Amino acid sequence: MNIAKQDRRWPDRPDPENIVELRGVRLDYGILNVLHDVNLTIREGETVAIIGPSGSGKTTLLRCINYLARPTAGEVWVDRHLVGQVEKGGKLHPATEGVLRLHRLETGMVFQQFNLFRNMTVLQNVMYAPVACRVTSKEEARDRAVRLIERVGLGGKLSARPHELSGGQQQRIAIARALAMQPKVMLFDEATSALDPELAREVLEVMRELAREGMTMVVVTHEMGFARNVADRVVFMENGRIVEDGAPAVIFSDQAPKRIRNFLSH
Amino acid sequence: MDMNYLAENLPLLLQAAWVTVWLTVLTLILSTVIALPLSVVGLTRVSPASQALDMATLLLRSLPTLVILFFFYYGLPQFGIVLSPFPVAVIGLTLSAIAYNIEIFRSGLRAVDPGQIEAARALGLPGWRTWVQIVFPQALPIFTPTYLSNATLVLKGTSVASIITIPELTSVANEIVSMTYQPFEILIAAALIYILMGGVLSLAAQAVRWNMTRRLASSAKEVGA
Ligand SMILES: Nc1ncnc2c1ncn2[C@@H]1O[C@H](COP(=O)(O)OP(=O)(O)OP(=O)(O)O)[C@@H](O)[C@H]1O
Ligand SMILES: [Mg+2]
């Protein structure tokens with residue numbers, strides 16, 4: 001996957017420590033302005049929680065990072081590659097789907113509704129994409145898949161189908177599936193919102209472990225406990241803008257701006 | 001029931017049934033092969049191409065197959081294009097079957113939760129794999145019953161080809177009756193042949209469905225476990 005060649009002459013590449021860098025990202029759906037001049041830098045190994053009211057653009061921001069949503073303007077850098085654009089003759093052009101697929105190998109995404117492939121077993125779910133995208137050989141993919149599934153505590157469920165698993169188990173498999181692609185950064189979109197507290201906890205435990213191991217993570221969440229205790233930084237969004245970006249100790253303190261305290265007190 | 005009369009004419013009827021079988025099989029194969037990829041167009045997002053396709057299928061579904069056949073049979077020669085009856089019949093029947101098949105496939109594909117398509121995109125999977133190995137296997141059991149009943153309609157619909165001189169079952173039966181004025185035996189025999197072919201069609205489709213499910217499962221196994 002040598003996409004480095006395509007943008008090697010790009011002048012203002014981000015600092016190599018920055019796994020994700022958003023510069024002036026704007027996104028409109030027709031006349032609706034969903035994201036407005038978003039700038040965000042996430043360093044290697046950091047866990048950043050994104051919080052904010054419903055409709056503030058958290059999901060959209062996450063989907064811009066892997067270009068499931070194409071920003072109207074601005075730059076998205078992941079692991080020093082400009083996502084969704086290619087340089088041709090000194091000018092930037094929108095990347096084709098084929099190139100976008102390569103860009104998306106750098107990011108893993110976990111969804112609120114798990115979205116496991118229902119026609120496949122647990123093991124197939126986890127090893128399918130690495131083999132299909134030719135990231136690894138089949139044998140290696142299988143070994144890694146088995147290890148990942150064991151790591152999320154479901155080693156006994158290799159040949160189970162998604163509908164035979166609880167929501168929490170499905171979500172842990174979904175995390176393993178994303179990790180199997182060896183992404184540089186993991187994006188979580190309200191990964192526990194569809195789960196009962198009991199099941200949410202086992203998923204949060206996996207996420208906490210991942211953060212501890214140094215995975216770079218962007219976590220959209222309503223779990224303030226996770227944001228406070230696990231995240232290195234908390235980003236607060238409102239009306240398509242990042243209005244606060246700081247350490248949890250600051251965001252969750254009495255010194256935080258009033259609108260954040262209002263939001264948190266709900 | 002005049003058995004001698006029936007035995008005399010049965011070979012003619014069977015020969016005609018063979019033409020009906022060919023018309024049906026060719027129409028089903030062609031319309032399915034063409035409709036499958038087209039059914040994916042516009043499913044996840046509307047584009048000019050998908051809108052044009054929607055218009056075309058709406059048009060084809062509104063037109064009686066008979067009108068389509070007349071257009072190709074009597075209309076095209078005016079522009080210097082002369083086709084023999086059999087290809088005209090296959091083209092006309094296929095065109096209207098395509099329109100229905102696209103709708104049938106789409107209703108199945110739409111029933112598959114789109115979150116899986118999003119997940120596949122996020123993983124960087126190519127579109128064809130997503131459709132062929134993830135969405136389609138889940139849509140298959142959903143649209144198969146509708147597809148089967150439509151296939152029976154295609155079989156019966158081949159009788160309109162009689163209008164452009166194709167010697168299929170209905171037209172040959174009709175011809176025999178108009179010469180002998182003894183309709184009962186011939187029409188019963190024709191009806192039984194249609195029923196038999198319909199039954200065989202259902203069985204064949206059932207077998208194909210089984211086979212496909214197995215093959216798709218094992219093709220997922222090739223990359224999966
Ligand atoms: N595909 C789309 N087309 C049109 N508008 C959209 C689309 N996706 C999102 N929006 C709009 O963009 C805004 C931001 O949506 P987004 O889903 O990013 O919010 P969110 O912060 O994730 O909210 P929630 O907490 O409810 O998940 C909303 O007003 C939403 O209606
Ligand atoms: Mg959201």
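In this predicted model, Arg23(A) and Asp12(A) form a salt bridge, with their closest N and O atoms 3.8 Å apart. The two partners come from distant parts of the chain: Arg23(A) sits in strand β1 (residues 18-29) of chain A, while Asp12(A) belongs to the segment before β1, eleven residues away. Asp12(A) has a relative accessibility of 41%, so this residue counts as partly exposed.

A second salt bridge within chain A brings together the side chains of Lys184(A) and Asp79(A), at 3.1 Å from N to O. Here the positions along the chain are worth a look. Lys184(A) lies in the loop between α5 and β9 (185-189) of chain A, and Asp79(A) lies in the loop between β4 (73-78) and β5 (81-82), so the pair ties together parts that are 105 residues apart in sequence. Asp79(A), in contrast, is buried, because its relative accessible area of 18% falls under the 20% cut-off. Salt bridges can also share partners, and in this way Asp12(A), Glu21(A), Arg23(A) and Glu75(A) are joined into one network. Over all chains, the structure holds 20 salt bridges.

How many salt bridges are counted between chain A and chain B? The count is one. Its partners are Arg63(A) and Glu118(B), whose closest N and O atoms are 3.0 Å apart. Arg63(A) lies in helix α1 (residues 58-65) of chain A and Glu118(B) in helix α5 (residues 115-123) of chain B, which means that this pair joins two chains. Arg63(A) is buried, because its relative accessible area is 16%, and the cut-off for buried residues is under 20%.

The wider interface can be described next. Chain A contributes 30 residues to the contact and chain B contributes 23 residues. Together the two chains bury about 2300 Å² between them, and 59% of this area is on carbon and sulfur atoms. On the side of chain A, the residues that lose the most area to chain B are Phe117(A), Asn119(A) and Tyr128(A), which together make up 24% of what that side buries. Six residue pairs are in polar contact across the interface, with both residues of each pair at pLDDT 80 or more.

Which elements of chain A each supply at least two residues to the side that touches chain B? These elements are α2 (97-104), β8 (107-110), α3 (122-132), α4 (138-151) and α5 (167-179). Of the elements in chain A, α3(A) gives the most to this side, with seven residues. Sorted by class, the side of chain A that touches chain B has 16 nonpolar, five polar and nine charged residues.

Turning to chain B itself, its secondary structure comes to eight helices and zero strands. The C-alpha atoms of chain B fill a box of roughly 70 × 45 × 25 Å along the principal axes. Of the 225 residues in chain B, 44% are buried. Among contacts in chain B with a separation of 6 or more, 82% are between residues 24 or more positions apart. The accessible surface of chain B comes to about 11700 Å², and carbon and sulfur atoms account for 71% of that surface.

Definitions and conventions: Residues are numbered from 1 along each chain as its sequence is written. Chains are lettered from A and ligands numbered from 1 in the order in which they are written. Side-chain values use heavy atoms; hydrogens and water are left out. Contact means heavy atoms within 4.5 Å. Buried area is the accessible area (1.4 Å probe) that two parts lose on being put together, summed over both. A salt bridge is a side-chain nitrogen of Lys or Arg within 4 Å of a carboxyl oxygen of Asp or Glu. A polar contact is a pair of N or O atoms within 3.5 Å; within protein, one must be able to donate a hydrogen and the other to accept it, and residues adjacent in sequence count only if both atoms are side-chain atoms. Helices (H or I, at least four residues) and strands (E, at least two) are DSSP runs, numbered from the N terminus. Ala, Val, Leu, Ile, Met, Phe, Trp, Tyr, Cys and Pro count as nonpolar, Asp, Glu, Lys and Arg as charged, and the others, Gly among them, as polar. Buried means under 20% relative accessible area, exposed over 50%, partly exposed in between (1.4 Å probe, protein chains only). Accessible areas come from the Shrake-Rupley method with a 1.4 Å probe; for residues, only the protein chains shown count as cover.
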